[in-house]
Amino acid sequence: MKPINLSNKLEIELSYRKPFSFEKTFYNPSHFKTGLELYDNGIYYMSLNFKNTRLGLKFSYTNKQLVLNIFSKNVLEDRIIKDLIEEIHYRFTLNIDYSDFFSNYKNNRYLKDIINRNYGKHISSMYSLYENLIISTFLQNATIKRTIDM
């Protein structure tokens, strides 16, 4: 595939529900790595083909602001931007309020250690359902050694 220049940049501040931990939401070393995402020094990079538009996404979190930089070949239509923001909120559950869960179970003898380690984490999947199904199918049809090598 021929590389393309994603020279157009748009910066958007994303909303999220507290409690929120950027690192625990966006960095999950147990997720199957595809080479389409990278977490490095508090910045999360992700490539995405969204509605037939190739995008580079850069997420950062500074001073309690979650910032998304969108890199594209051309200027994006407002509709695409709106739909992309909704998709990001959905994939990373940014609009879900977990405060009741954390407060109700923080002293539970079985859950308190897990909650302390994962406080502020939002459930996330950088992949769509289709992408998860493809990955799962490949993993089901591969030997354990091959899966580890991937």
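This is a predicted model: local features need pLDDT of at least 70, side-chain atom pairs count only at pLDDT 80 or more; totals for chains, interfaces and linings use all residues.
Q: What percentage of the residues in the chain is buried?
A: A residue is buried under 20% relative accessible area, exposed over 50%, and partly exposed in between (1.4 Å probe, protein chains only). In this chain of 150 residues, 32% are buried.

Q: How many helices and strands does the chain have?
A: Helices (H or I, at least four residues) and strands (E, at least two) are DSSP runs, numbered from the N terminus. This chain has six helices and five strands. From the N terminus on, the elements run β-α-β-β-β-β-α-α-α-α-α.

Q: In what order do the strands of the sheet lie?
A: Two strands pair if DSSP finds at least two bridges between them. The five strands form an open sheet in the order β1-β5-β4-β3-β2, with antiparallel pairing. Its edge strands are β1 and β2, each of which pairs on one side only. The twist averages 20° from one strand to the next.

Q: How many bridges join β1 to β5?
A: Seven bridges join these two antiparallel strands; K9, for instance, has F71 in β5 as its bridge partner. β5 is mostly covered, with six of its eight residues buried.

Q: How many bridges pair β4 with β5, and how many residues lie between the two strands?
A: β4 and β5 pair in the antiparallel sense over eight bridges, and Y61 stands opposite L66 in β5. The two strands form a hairpin with two residues between them.

Q: Where is N52, and is it buried or exposed?
A: N52 is found in the loop between β3 (43–50) and β4 (53–62). It is exposed, with a relative accessible area of 77%. Its phi is near 60°, a positive value in a residue other than glycine.

Q: Which residue in β3 is the bridge partner of D40?
A: In a regular strand the side chains alternate between the two faces of the sheet. D40 is found in strand β2 (residues 37–40), and its bridge partner in β3 is I43. The strands β2 and β3 pair in the antiparallel sense over four bridges. At 38% relative accessibility, D40 counts as partly exposed. The C-alpha atoms of D40 and Y27, which are 13 residues apart along the chain, are separated by 9.1 Å.

Q: Which strands does helix α2 lie across?
A: A contact means heavy atoms within 4.5 Å. Axes are lines fitted to C-alpha atoms, for helices over the stretch in contact, and angles run from 0 to 180 degrees between N-to-C directions. Helix α2 (residues 78–91) lies across β1, β3, β4 and β5, running at about 125° to β3.

Q: What span should the 14 residues of α2 have?
A: The expected span of a helix is 1.5 Å times one less than its number of residues. For α2 this gives 20 Å, and the end C-alpha atoms are 20 Å apart, which agrees.

Q: Which residues of α2 are buried?
A: They are I80, I81, D83, L84, I88, H89 and R91. R91 has 7% relative accessibility. Its side chain makes a polar contact (a pair of N or O atoms within 3.5 Å; within protein, one must be able to donate a hydrogen and the other to accept it, and residues adjacent in sequence count only if both atoms are side-chain atoms). The partner is the side chain of E87, at 2.8 Å. After α2 comes T93, whose phi is positive, near 45°.

Q: Which residues does a cis peptide bond join?
A: It joins K18 and P19, with omega about 0°. P19 is placed in the loop between β1 (8–14) and α1 (22–26).

Q: Among contacts between residues at least 6 apart in sequence, what percentage joins residues at least 24 apart?
A: In this chain the figure is 64%.

Definitions and conventions. Residues are numbered from 1 along each chain as its sequence is written. Side-chain values use heavy atoms; hydrogens and water are left out.
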